[in-house]
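These are my notebook entries on one structure. I looked up its surface, some contacts and its salt bridges in turn.

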Amino acid sequence: MQRNTLPRWAAVAVLACLLGMATSAATANDYPNRPLKMYVGFSAGSATDVVARTIAQKLSERLGQSVVVDNRTGAGGTLAAEAAARAAPDGYTLLTVSSAIAISPALYPNLRFDVEKDLSAVFLIGALPTVLEVHAGMPVKNLREFIDYAKTRPGKLNYGSSGKGGRSTCPPNCWPAWPASR
């Protein structure tokens, strides 16, 4: 079975996903009548968490109901996404993830949920740049020079990232010339 990929815009987005749209018998006037849960796919204090907590606080103030942040870390946010995807589609579960969710189907072929079918993007919170930095002593001034430098040193350069599925997973794996540097 071939998995579909998310639209290109999702690859650069920080998504906020809402499951369901209050499909219960509750009317708009009494929603929400209990606390909402916001799953966050990254650890407390991370950029995604800070943004999620800011949104949770503002939502709580506006809705007059608590919004509880639940950090489910690991696997590039897919643990939180799975928890949200399995929640009742009653409008009480939110998910805040980074753009890493867009590449999750490619990195984790055995996901127990479908990113496109089980989650629904509600709005783009923002976009975060990804920066490649090197030691100041390296003889490179831009990405092209770095790639050329790396090509002449296969297997000799190291790259650090937050782990498989994180935002920093993609850059070295997405550059066409990167595999030649390994």
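**Entry 1: a nonpolar patch.** I began with the surface of this predicted model. I found a nonpolar patch of about 290 Å², made by Leu132, Val134, Leu143 and Tyr159. I then looked up where Tyr159 sits: it belongs to the loop between helix H5 (143–151) and helix H6 (170–174). Its relative accessibility is 31%. Tyr159 therefore counts as partly exposed, and I noted that patch residues must have over 30% relative accessible area.

**Entry 2: Gly126.** I next turned to Gly126, which is found in strand E5 (residues 121–126). Gly126 has a relative accessible area of 28%, so I recorded this residue as partly exposed.

Entry 3: How many salt bridges does a search of the whole structure find? I recorded eight. One of them joins Arg53 to Asp49, with 2.9 Å between the closest N and O atoms. Arg53 is partly exposed, at 36% relative accessibility, whereas Asp49 is buried, at 2%. The value for Asp49 is 2%, and I call this residue buried because the cut-off is under 20%.

Helix H1 also holds Lys58 and Glu61, three residues apart, again about one helical turn. Their side chains meet in a salt bridge, for which I noted an N to O distance of 4.0 Å. Lys58 and Glu61 are both exposed.

Entry 4: I looked up the pair Arg86 and Glu82 and found a salt bridge, the closest N and O atoms being 2.8 Å apart. Why are Arg86 and Glu82 separated by about one helical turn? The reason is that they are four residues apart in helix H2 (residues 78–86). For exposure, I recorded Arg86 as exposed, at 55% relative accessibility. Glu82, by contrast, is buried, with a relative accessible area of 12%. Finally, I noted a network: Lys37, Asp70 and Arg72 are joined by salt bridges that share partners.

How values were computed. Residues are numbered from 1 along each chain as its sequence is written. This is a predicted model: local features need pLDDT of at least 70, side-chain atom pairs count only at pLDDT 80 or more; totals for chains, interfaces and linings use all residues. Side-chain values use heavy atoms; hydrogens and water are left out. Patches are made of residues with over 30% relative accessible area and no salt bridge: like charges are joined within 9 Å, nonpolar side chains (Val, Leu, Ile, Met, Phe, Trp, Tyr) within 5 Å. Accessible areas come from the Shrake-Rupley method with a 1.4 Å probe; for residues, only the protein chains shown count as cover. Helices (H or I, at least four residues) and strands (E, at least two) are DSSP runs, numbered from the N terminus. Buried means under 20% relative accessible area, exposed over 50%, partly exposed in between (1.4 Å probe, protein chains only).
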